[in-house]
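Subject: Structure handover

Hello,

Here is the structure to look through.

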Amino acid sequence: MNGKVLKTIRVPKFKVQGKREICAAHVTRVSEVRPVGHLCLLYKQRRVRIIDEKVISRCVTSLLARETSTGMAHVLVVGGGGREHALAWKLAQSQHVATIMVAPGNAGTNGGANSKIHNSNVSVTNHSLLAQYCKDHNIGMVVIGPELYLAAGIADDLNAAGVTCFGPSARAACLESSKAYSKAFMDRHGIPTARWKAFECPDEACAYIRSADFPALVVKASGLAAGKGVSVASTQEEACEAVMQIMKGKRCGAAGDTVVVEELLEGEEISCLCFTDGHSITCMPPAQDHKQLCDGDRGPNTGGMGAYAPMPQVPVDVLVKIEDILQRTVDGMCAEGSPYVGVLYAGIMLTKDGPKVLEFNCRFGDPECQVLLPLLRSDLYTLLDAIMAGTMAANTPEWHTDRSAVAVVMASRGYPVKYETGYEIKGLSAATSLGCLVFHAGTAQQGTQTVTAGGRVLVVVALDENVRGALKLATSGVATLTFNGAVWRSDIGWRAIAASTAVEDAAAEEKKSLVVEEKVQESGLTYKAAGVDIDAGNATVEAFKPFAAATTRPGCTAELGGFGGLFDLRAAGYRDPILVAGTDGVGTKLLVAQACDRLEGLGQDLVAMCVNDVITHGAEPLFFLDYLACGRLEEAVARRLIAGVARACRDTKCALLGGETAEMPGAYLPRGFDLAGFAVGAVERGSTLPRLADMRSGDALVGVASSGLHSNGFSLVRRVIENIGANYGQPAPFDSSQTLGEALLTPTRLYGPSLLPLFRSGLVKAMAHITGGGLPENVVRALPSNLSAHLDGRSWQVPSVMGWLYRVGGLQPRDMARTFNLGLGAVLVVEESAAKEVTACLADAGETAWVVGSLQNSVGGEERVRIEGLETVLQQSWVGASEGSPPGLSRIAVLISGTGTNLQAIIDHCRDGSVEGRPSIVLVVSNKPAVEGLARAARAGIATRVVDHRQYGSRAEFEEQLQGLLREFDVHLVCLAGFMRVLSPAFVWQWNGRMLNIHPSLLPAFKGQHAQHQALAAGVCVTGCSVHFVTEEVDAGAIVGQKAVPVEPGDTEESLTERIKQAEHLLYPACVDLVARGQVVLSPDGRVHRT
């Protein structure tokens, strides 16, 4: 610390709260340079920062207590994620700590009898009970992980009850819990941040977005939103949509009642954390989180897919500025009467104008915590204790400065949206034996098994002398861990690696230039000048190595760099193998991927096209080699492509053993490239396919569903799109949930994991992989010459994309069959008696399969593959909206509360076979059990569910369950039929334009209840019924259709009601049909548009 000695306390002895006397020579008063007036106490050469002389006694007391204490502490960590596991792990290393309880914890924190760490089921939301629990169990310190508890005042309540709690008060935690407060605080104290404004009215927020003289494209829910409250838009329209989703759609609940609209800053984002005792700060090494799901910083935002620390590319002078920002923040909180004690986390953007604060967090970051704590040399418990005592400067933390840490998060497939849990996790001990740390995040214990229990499941951490080495080790650790559907990034720390590579390359280049300067001057020409950059190629190969390492399997280590790749068949378990090889590319699909800038799926396409060929012979894929040729090597593009290859190899347990990256200027355009691959598999002699001699007339053909176009026919696809003037960014006409480009680029399905176990059962005689040439050219390749295949096109589901191409492209059925897979990625030959068992096995393995035909004896002159009904099926698989088909609103759910007479009318209408393309009811939900409407649905074979509102503590919980059912059944359109519950604005907003109701009056007359009574009381001659879109205001939505009912003399409410019901039974189904077919659409302005 900079400063000068002002004076020494001139007393011979110094009594400290009943403790032994301290020699005055040990106590010195020092003035610090910034801020002026802050003092320090120097005790036995340890400097303690204080505010005034009254604190000296408390500081020295704390030091003495630490010198003389021999007691062991009991610590409670609150939380259940990877951050809390890391905190417990680090605290357990302290010689001052006896036990650590974690509430609620996870499988990783539930240690055995010999562990310091155990889980606790104590409630952490009832602070008074928690305080009593801590006293009963002699808990000396509580450490809070998640911000939600801090914002709820857990630190205030525990400290007030005499239980030491590490973490800021609720008022101090407002730096995170209220974005509006935080931004205003930064403005008050001159802390650099993005320009901003807070709004409680969505229309005002949108007006600000459109009128701001800077890109006001960042929209944040002001409150805590579990990491889901920030939207970074690319256009003003997207920003306004985010405002509406947060404020009107209640995407973030009450946290979004106020939104903050910010300037979009440009630069590199880093995480800067510090410890603070309310006055002093001590910074941790800078870290960098990787928020997006996929390699190359692509895909949806998550809670964090990995992190690394420190950041060697951040200059020291920038770190000094950031430290000043953190200190000014702590000083400002103290000055405003809310001292901040705990961990302060600033998200910083390194802009061209210097570092600016994006946001503050009031706790350790997750996963930053998992890389920072392994770098901490000091005792964490001692440090936290000193912070709580206000004597942090006497225990300044020390860090490992000779190493880097990388954390790789393993998540569940579908995260961050919808994912499944309960899958067994294997390989935990193998990962730790490599030297990795494995912190549990979303895990649970089921008997003796550790299973997945969350979106982010595990965090694998490795340390090495640099980020590149740490990433390689962490990736190797990840490769040993397995659970169903595991996803992770393989490029954590890529910015640091790229920066260090650039520095190394610059140094090497400078050295090289000194050696060859004279020769260069003479010739004036280099290989690089000719268009081939060897150094860039080498750097790219280095970037590929972690991808390859993640595919290591028995038989090889998948390490790149040699002249050839080695594979040990014996180590892989083979006794008398036959090798099977296959090679392929992805064709012109890559041109569509380039046009859409969606390259990640091409890697899976490449692997699948090769590996699916190999498994047709019953072979297990062993290793894969890729070939990437380009006009100019772009490392970012290459990384995205090869990362996809590596992921697909990992999914098929196939090692990425090597490859070739060829930079060929002149042969390709500068940004042009091509991909090819080569796969090798093995099968034991005697187990090869096809078994030609075993096939007989009458054998069944089982079709396995494709995921779409796969990788064939894209030259024709591109020509069709060009001819009709479509573009890849428009909504797909056959699937409104995707753009056309997204739908076309659905990756080729990998069949190995599901089909190989079936092959080993002996039930399958042959497999045909349906690629170029379609069904006619590929099925015949698996058959003996005396047999033909007869397929019934009506027996499987032809994807709507095929029907769309057929119709809008004006294609012929024969060309469709010879170009595309028609929805079947593979066809299997099995005994007729085994067909049912085979389809059941495939369903269990996650595949969709049908019995699609049979083998028959060949007849001379006939085609050996015949598809019956193909033209009809193609016509029916997609029908344009103008022709009356439902463009994505064909799956209906009906919500009821009683008899469901309108439900019956809709059921009858949907089941009328005289009209094609009618929608179908897939679900009926009642909020009351045992009502007649449920029986009506059951008799019609429709799935039913009861969501009894009385069983839920709040409307939000009731609606969350209801939404879950609608998602589960993939519902497109919701119809209310006597549903007697008022739905929240948030629920209504999410189904805007896709929810209908019927009202017994000619709206807008006689809204609300007792409409018939109102009509009779008003003396009208005509009333009726109205079908309308549901909006927040009752009976106020845009009208789809109306039917008049005359009021007759002598009508009573009962008689009028009965005649209106008869009209409803005609009107409601007809209106449902109009909306489902897309003939009536709700426009963004709330008006009905009729086609």
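Axes here are lines fitted to C-alpha atoms, for helices over the stretch in contact, and angles run from 0 to 180 degrees between N-to-C directions. Helices (H or I, at least four residues) and strands (E, at least two) are DSSP runs, numbered from the N terminus. This is a predicted model, in which local features need pLDDT of at least 70, side-chain atom pairs count only at pLDDT 80 or more, and totals for chains, interfaces and linings use all residues. Residues are numbered from 1 along each chain as its sequence is written, and side-chain values use heavy atoms, leaving out hydrogens and water.

Helix α28 (residues 901–910) and helix α33 (residues 1053–1076) have axes that come within 9 Å and cross at roughly 55°. The two are therefore oblique (angles under 35 degrees count as roughly parallel, over 145 as roughly antiparallel, 65 to 115 as roughly perpendicular, and the rest as oblique). In contact terms (heavy atoms within 4.5 Å), α28 residues including A905 and I906 meet α33 residues including Y1068 and V1072.

In helix α27 (residues 870–877), L870, V873, L874 and S877 are buried (under 20% relative accessible area, with exposed over 50% and partly exposed in between; 1.4 Å probe, protein chains only). These buried residues pack against α24 (800–809), α25 (813–819) and β40 (865–868).

As for disulfides (pairs of cysteine sulfur atoms within 2.5 Å), a search of the whole structure finds zero. C240 is in none, its nearest cysteine sulfur being that of C206, 3.4 Å away. C240 is buried, at 6% relative accessibility. C1071 is also buried, at 3%, and its sulfur lies 8.4 Å from the closest cysteine sulfur, in C1025, too far for a bond.

Regards
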